[in-house]
Amino acid sequence: MSDKRIKLRTYFYSKFLILIVSILIIFTTLNYFEAKDEIIKKNRDLENNIEKSIVNNIKTVNSSYKMLGEVFNDELKKILYKLKNEYKQKQDVSKLDLAKIKSELDMNVDLYVINNKGVIIATTYPTDLGLDLSKYTGFFENLMNILNRKDFAYDALTPETQTGKLRKYAYLRSDDEEYIFEVGLQSSGFEKYLKDLNYFQLANKIQRNSQYVSDIKIFRASNALSNITLFGKPETRIKEETKEIIAEMYNEDIKERVFSLENYKKKYILLKLRARDIPSDLSKVVEITYDTSLMNKSLMSNLFSHLILSVVAILLSISLVYYFSKRFTQPISQLSSNLDKISKGDLDFPIDKQIKLKNILEVNNLITSINDMVSALKEKISTLNRQKINLENSEKALRESEASLRTVFEAAKNVAFIKTDCDPGSLKILEFSPGAEQIFEYTREEIVGKSVEMLHLEEEVQKLPEMLKWMRENMQGINQETTLVRKSGETFPALFTTHPILDAKGEMTAALGVSIDITERKQSEEELDRLRNYLSNIIDSMPSILVGVDKVGKVTQWNDEAQRVTEISSQKAIGQALESVFPRLSSEMRRLEKAMQTQKVYSEHRQPRKQDDETRYEDITVYPLVTNGTDGAVIRVDDVTEQVRIEEMMIQSEKMLSVGGLAAGMAHEINNPLGGILQTVSVMHNRLSNPEVAANQKAAREAGTNMQAIQSYMQSRKIFSMLERIRESGNRAAEIVANMLSFARKSDSNFSSCDLAELIEQCLELAGADYDLKKSYDFRKIKIERDYEQGLPLVKCESSKLQQVVLNILRNGAEAMHDWLLESGEARQPRFTFRLAHEAEQGKVRIEIEDNGPGMDEATRKRIFEPFFTSKPTDQGTGLGLSVSYFIITENHGGEMSVESTPGEGSKFIIKLPAEISPA
Amino acid sequence: MSKEMPKLLFLDDDEALRESLVDYFEDCGWSVFEAGTAEEAFKLLESEELDCVVVDIRLPGMDGNAFIKSASASYADLKFVICTGAPEYCLPQELMDLPQVSNRVFIKPILDLSILEEAVREQFEKCKPQGEGNA
């Protein structure tokens, strides 16, 4: 069925096309025929013109001939009268000497005598003698007419068919009416006047002037076929059928005959020119041959051009019609498609969407009406819907809520819904949700109808009736955390909510219990607590003070170290302003704000702080907290006092090293002048005191004295002791320089393997020798104890340096013990104990030198190795001894040196030196 | 000492120090010469038949080490004792190998000049048998 339906566009298209194409065809056809007619008519006009001009020409020529002929009339009259008179005289035709007459005339004439039967009986033109003229009917009739007349009869001037020469005949009867005399005057002189007045020349001219005419022939017309000849070309054999046509036309007086052939057309025109008074019949038939091929060709091209034109027009109209039909039907089809959408239910679909030509009145009207219709429809539908919805709503809502409740009831796998009756005695379970099955591990079947008490702990069961009562009175549920019991007897923490179920009258008919297993939540809470504890433990175990503050400077975190230092507990501190609980950080408040603002870490190093007359140092760092939502900062305070001290010491030793470098540079410069002083003093002393030197004696003698006198003078003036003082002072300066140099000494060129026990013995020997003289105490009185390990390895060392160290310790110790014993009056035997031990693990040999002297306090002990530190009076030591020793051990030998002491009991110096590979 | 006293040259740029040495050795009966630079010392070596040179190391121009090397090459019998103000000075190996150079290096100030004299004598003793053997 639908196949028969066609689109509007197709319909318009086909109808328009049929209409327009048929109009086009009709129009083109009409046009074609009109053009054809035009062509034909033109041709006909052309033909008419040609024919008319031919006929006129012929007539003109004839009239010209006639006029010309008049000229000959008198001449001919004279000749004829002569012939008549001759005959009158002779009365016998046969006695007429025509030739003689002709010769007398001296003219180109022919003379004829025709009897009354129309036969030529005598002539100067022998060819025609005996010619019976009666067979030329018309001519003969004319002849007979002439016989009846007395008068002349002139024939017309005619050109001869054969020669084209002009000839004029004239006739006259004999008085006895027996004969007719005929004179034919042939003029050869006229042609030049009549040059153009010639039939076929005219015909030729016409033919030349018209392409249309291919041939023109002029025939002499006659009823006798033999008489029919062609002008201009008399010898031409004329076709019999042509002759017959001409004869027929002549006889039946047919004006025209036309014969159409393929490419040409022949037209015969009869000119009846017979005159009564002229015996010759001048009638002619003109044959005009038209070349119709040209016309046919133009007709053909006309046809062809019309065909092409019509085809082009049809094609053009097809496309135009297609375009316009599409354009005009599009709004309709779009409208229909839009309407289709609307009809399918999309009432909000814009009807005018994608529609062109909206402004066209009809389309516009259509859109408006459809819109009106649609909106009316919509209104109607919505009204209907509203009514329907109102009608269904209550019922549906009921169904839905029931269904959704059911869904909740079924789907909430982690929630137990349990419906019970509200009999305080039984509390029977009426409904048990899948969630409840999962949580309590009972199936619905096995528990429905039983008491809800089995799901609660015993002590809770007692509270249930009370709860029920409360619910009934308050029409409200209860929400609490409790512990519930699974089928297995396992208990679990749960969120328990009850709700009264009311009937239509508002009476409580049942109770709904909702339980959620919160075991996991509890666990994660515990985990959170644990984590919190763990974190605070970490924070508390930090050796740094860690204090957290919020953005207004209130304390939020207070670790153990902070508690220890401030002696304020974290409970007291948290929530307080930082300044009040940690006053010395109040100066940090600005930095704190800045850190929070810029979210950058700020740190302050080595902040000095006085505590119990001691300067301590702290590093203070402020970390902004970048966790979202918790603006604040953490302040960390580290006590770096020890670190600072160590660093200071390191700086000091660096300083000492650079002092050593300076000393080395200076030593050479100082040693030279010292040499100048000391050596010169030595020479001076020698020259003043030595009598054995010959030069001395000689010089003394020359001065009038002797060496003894000089010596006694020097002695009494104490010159020698002065020299000695110079020498001593110089010596001390030299010693200082030498000691200072040992700071910088790096050379290990004098290292050798050495037995420490042996080295100690050498030192003891030296000490005894060295100090005996100078000091008032006797080193030999000091008791020496030796405690040496067996099989000690050798030590790689510079033995002289090591000796210097040991001697230094011995000297210091000996002096200290001597002085202390003198001062305290204690009866104690001074003693040195030497111990040597191999510390195999460290690969070191340990030397201990212990005395039983006064010892030293802690402050002294700490500074004992510092350069220029001394406990002795200023004139007794430089304070460089032990620091030089320290450098010799640590720097030169890669060893360690330390001191232990108990005041009042003695001191112990410990030296460790790297051991050589132990002897076998 | 029956023979002519040996000739000693003191090469040191410090005049006071050099004078003290010259005076001391003169008093001891030595024949002494002095020079402030190595170049002066070479001039004296040309004109005098010197036996021993007490050399300072740090000198303007040619230093003591170079002087000993150069002079010992030209004068095979010449002896040398080093006396320097630089405490860190070590006798270079090539000089240590020369028998005419004393192994004892003196650091200024020399508190007891007799030790230096002793060293000079020692050097003469050390070289004597060789010299006599050759003669």
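Okay, let's begin with chain B: of its 135 residues, 50% are buried, meaning under 20% relative accessible area, with exposed being over 50% and partly exposed in between (1.4 Å probe, protein chains only). Quick housekeeping: this is a predicted model, where local features need pLDDT of at least 70, side-chain atom pairs count only at pLDDT 80 or more, and totals for chains, interfaces and linings use all residues. Residues are numbered from 1 along each chain as its sequence is written, chains are lettered from A and ligands numbered from 1 in the order in which they are written, and side-chain values use heavy atoms, leaving out hydrogens and water.

So what order do the elements of chain B follow from the N terminus? They go β-α-β-α-β-α-β-α-β-α, which gives five helices and five strands. Those are DSSP runs numbered from the N terminus: helices are H or I with at least four residues, strands are E with at least two. As for contacts, meaning heavy atoms within 4.5 Å, look at chain B pairs at least 6 apart in sequence: 60% of them join residues at least 24 apart.

Over to chain A. Here we've got 24 helices and 26 strands, and 38% of the 920 residues are buried. For contacts in chain A with a separation of 6 or more, residues 24 or more positions apart account for 56%.

Is A:Asp45 buried or partly exposed? It counts as partly exposed, because its relative accessibility is 38%.
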